[in-house]
Amino acid sequence: MWKQGFIETERGIFEYFTAGQGDPLAIAHLYMAFDERGNLSANPFTEHYKVYLINTRGAGSSVQAENENQLSMKEVIKDLEAIRTALSIEKWGFAGHSTGGMLALQYAIEAPDALTKIIAGCTAASKEYAAHKNSIYCSENKHFSRIVEIMELLNNPDTAPEERQTLGYEWTLMSYYSEDKLLEAKKHPNSGRTVGENLDYFRKVEVKNYDLRNQLNNVNVPAYIYSGRYDAQCPVEFGVETAELISHSQLTVFEESNHNPFIEEEEKFKAFVRRTV
């Protein structure tokens with residue numbers, strides 16, 4: 001189990017969880033709330049790093065947003081920097097999966113001197129991923145209408161907990177190479193509850209103007225990019241593009257994975273993590 005902590009910063013009090021030993025590595029997601037169970041995407045890093053799994057503003061027991069603009073990526077990075085400073089950490093690495101990967105890319109642009117490296121997985125450098133026919137977030141994709149319906153139901157406070165679980169399973173299954181892999185994942189302790197307000201801000205506000213491609217050319221932070229060959233959220237083409245845009249980057253493609261290579265190809269993902277140390 002992960003150890004819970006709270007840190008008081010100039011921007012509020014934030015909840016985080018730690019596990020592992022080694023150089024510091026922060027991990028966060030834009031609209032997930034974590035707890036003592038950790039997260040499947042974060043767990044492999046604890047073998048080589050001291051991991052700080054952070055609940056961003058509005059998630060878990062972290063400070064709430066006073067206005068929706070505080071949920072933007074740039075504001076989240078200001079929060080992360082306040083957390084790093086309050087923890088007296090000179091520099092740390094940052095790893096993120098999916099929208100957490102987008103946050104990693106933005107972090108490398110906004111505060112490169114605070115970072116030793118970034119690790120960004122199953123992500124994209126622009127909103128164009130959502131227009132790709134292989135993305136479930138594209139209006140031309142067969143799953144699109146259902147995805148929108150699921151998001152709206154998860155964002156509705158009247159949706160019953162049992163229905164939330166069913167909806168979450170359905171959404172998650174679309175992002176697994178096989179249902180067997182998803183069933184295997186469910187055997188492991190895991191957290192990452194969707195925070196409706198944060199998700200709503202991302203999909204209705206943030207993503208509309210999201211495009212870091214021109215800025216990534218200037219990033220000099222070591223970057224480790226990974227993608228699943230059959231990623232149904234951020235198609236593999238966008239991982240390739242991201243790696244090509246960052247000069248100090250390495251790309252790893254997991255050939256039998258959808259959006260979750262850390263469980264779909266667990267041993268190969270562990271080997272990937274070792275290469276980031």
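Is T242 buried or exposed, and what is its relative accessible area? T242 is buried, with a relative accessible area of 0%; buried means under 20% relative accessible area, exposed means over 50%, and partly exposed lies in between (1.4 Å probe, protein chains only).

## Basis of the report

This is a predicted model, in which local features need pLDDT of at least 70 and side-chain atom pairs count only at pLDDT 80 or more, while totals for chains, interfaces and linings use all residues. Residues are numbered from 1 along each chain as its sequence is written, and side-chain values use heavy atoms, with hydrogens and water left out.

## The chain as a whole

The protein chain contains ten helices and ten strands. These elements are DSSP runs numbered from the N terminus (helices: H or I, at least four residues; strands: E, at least two). The radius of gyration of the protein chain is 17 Å, which agrees with the value near 19 Å that a compact globule of 277 residues would have. That radius is taken over C-alpha atoms, and the globule rule is 2.2 Å times the number of residues to the power 0.38. Along the principal axes, the C-alpha atoms occupy a box of roughly 45 × 40 × 35 Å.

Of the 277 residues, 55% count as buried. Among contacts with a separation of 6 or more, 72% join residues 24 or more positions apart; a contact means heavy atoms within 4.5 Å. The accessible surface comes to about 12500 Å², and carbon and sulfur atoms account for 45% of this surface. Such areas come from the Shrake-Rupley method with a 1.4 Å probe, and for residues only the protein chains shown count as cover.

## The annotated domain

UniProt, in an unreviewed entry, lists residues 44-265 as "domain: AB hydrolase-1". UniProt positions follow the numbering used here, feature names are shortened, and annotations may be inferred rather than shown by experiment. Over residues 44-265 the chain is 38% helix and 15% strand.

## Buried residues in helices

T242 belongs to helix α8 (residues 236-245). Not counting residues up to four places away in sequence, T242 touches L105, A124, A125, L216 and I225. L216 is 26 residues from T242 along the chain, and their C-alpha atoms are separated by 8.0 Å.

M151 lies in helix α3 (residues 144-155) and is buried, because its relative accessible area is 7%. Beyond four places in sequence, M151 touches Y137, W171, L199 and R203. N198, in helix α6 (residues 196-204), counts as buried because its relative accessibility is 5%. Leaving aside neighbours within four places in sequence, N198 is in contact with L30, Y31, T56, R57, G58 and L71.

## Helix α10

Helix α10 spans residues 266-276, and F269, A271, F272, V273 and T276 are buried in it. The buried residues of α10 pack against the strands β5 (49-54), β7 (115-121), β9 (223-228) and β10 (249-254), and also against helix α9 (261-264).

## Two loop residues with positive phi

S98 is found in the loop between β6 (92-97) and α2 (99-110). Although S98 is not a glycine, its phi is positive, at about 60°. S98 counts as buried because its relative accessibility is 7%.

C122 is found in the loop between β7 and α3. Phi of C122 is near 50°, a positive value in a residue other than glycine. C122 is buried, with a relative accessible area of 1%.
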